[in-house]
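Take a look at the model below.

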Amino acid sequence: MTILCVRFQLPPAHEAALPGLLGLLEDFTPVVQALPPDTALADLRGAERYFGRDAVELASVIRVRALAHHGVDCAIGAGPGPMLARVALRAAEPGVTCVVPEGGGAEFLADKPVAALPGVGAATARTLCEYGLDTLGLVAAAPLSTLQRLIGAKAGRELRERAGGIDRGRVVPDAVSRSLATERPFTRDELDPDRHRRALLSAAEELGARLRALDKVCRTLTLTARYADRSSTTRSRTLKEPTAHSAALTRAAYGMYEALGLQRARVRALALRAEGLDPAEQASYQLTFDPLDEKARRIEEVADRVRAKFGPHAVKPGSLASPGFSSPTAA
């Protein structure tokens, strides 16, 4: 077991702690891949030789250090490859490392639903289940020609290999988390478009405030809508210019939402992710002489100072809507 998949138990508003936690993993190995907002992969092959301990023993040390230095517990999956480690993580609990033994991938996966495999989306899982292939064991035992007919030649071959425990993936070191995310779950499956838009307004204002607090701007905004049947839809939009301006983020979020054409969809949660983060001082801006835009930015500065003094909930969502910018909460 040389690969760990670690999920840190971070509250949604504390993603800024992820870089420090990734640094903790980098004390053991330079081969660390961030999976924002709260997860990372670590290849410990070199660390096992250097420290004279296996990956499971090192996972225990990582857990203790995360608690001692950051006050954060974590759930850890361990396996011979990144895919198996990620599946193991789903069965892990805080304080416990779930292990897929070397050569035991097929047995570990056999009774898992097909959707448990990373990369298998809702549409693929639904297609397989319609033909009775609802567990990974059945998928691994199915004729290759059947899988290729159902989901395509390349996808069918790769799925059959992975369902059989063959993990050809590798951990790809990347930069410290370059995204921020927030989610707005509903207390019940929500049909009302006005409530959807209120949730997006609140989420966009939170992202803007967090970006400004970190002196960052984002280049891309991603919207994920999660539905009552556990499926989801994701859309991304590249912004006209890098920004941390809440009104610009809100406009982009509304645009993606309208493009989804949800109509009477039963929405369980809406999530926004700001991606492609860069230092604010390095960003270039289009000059504007719009007095309303300047006023909105000054209002944001005041609101940010209020949040810094009295906490993140000191400013009511929607109260920053710029003059002339329509929002459900502004009424």
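## Pocket, cores and chain

In this predicted model, β9 gives the largest share of the lining of the largest pocket, 6 residues. β9 covers residues 267-275. Other elements join in. β1 (3-8), α4 (82-91), β6 (179-190), β7 (216-227) and β8 (232-243) each supply at least two lining residues.

The largest pocket has a volume of about 1400 Å³. Its lining counts 40 residues, and the closest to the centre are Pro36, Pro37, Arg90, Arg226 and Arg273. By class, the lining holds 20 nonpolar, 11 charged and 9 polar residues.

Now turn to the nonpolar cores. The largest has 31 residues. Leu200, Leu211, Leu221, Leu223, Leu249, Leu270 and Leu272 touch the most other members. β6, α10 (193-213), β7, α11 (246-260) and β9 each supply at least two residues of this core. So which residues does Leu272 touch, leaving out those up to four places away in sequence? Among them are Leu180, Leu200, Leu207, Leu221, Leu223 and Ala253. Thr182 and Thr222 are also on that list. Another core lies apart from the largest one. This other core has 29 residues, including Leu89, Val100, Leu109 and Leu147.

Last, the chain as a whole. The protein chain has 12 helices and 10 strands. Of its 331 residues, 46% are buried. The chain exposes about 17000 Å², with carbon and sulfur atoms supplying 52% of that area. Take the contacts between residues at least 6 apart in sequence: 66% of them join residues at least 24 apart.

Methods. Residues are numbered from 1 along each chain as its sequence is written. This is a predicted model: local features need pLDDT of at least 70, side-chain atom pairs count only at pLDDT 80 or more; totals for chains, interfaces and linings use all residues. Side-chain values use heavy atoms; hydrogens and water are left out. Helices (H or I, at least four residues) and strands (E, at least two) are DSSP runs, numbered from the N terminus. Buried means under 20% relative accessible area, exposed over 50%, partly exposed in between (1.4 Å probe, protein chains only). Contact means heavy atoms within 4.5 Å. Accessible areas come from the Shrake-Rupley method with a 1.4 Å probe; for residues, only the protein chains shown count as cover. On a 1 Å grid over the protein atoms alone, a cavity is a set of points where a 1.4 Å probe fits but cannot get out, and a pocket is an open set with protein on both sides within 12 Å along at least five of seven lines; lining residues have an atom within 4 Å of a point. Grid points are joined across faces, edges and corners, and a volume is the space filled by probe spheres set on the points. Ala, Val, Leu, Ile, Met, Phe, Trp, Tyr, Cys and Pro count as nonpolar, Asp, Glu, Lys and Arg as charged, and the others, Gly among them, as polar. A nonpolar core is a set of buried Ala, Val, Leu, Ile, Met, Phe, Trp, Tyr and Cys residues joined through side-chain atoms within 4.5 Å.
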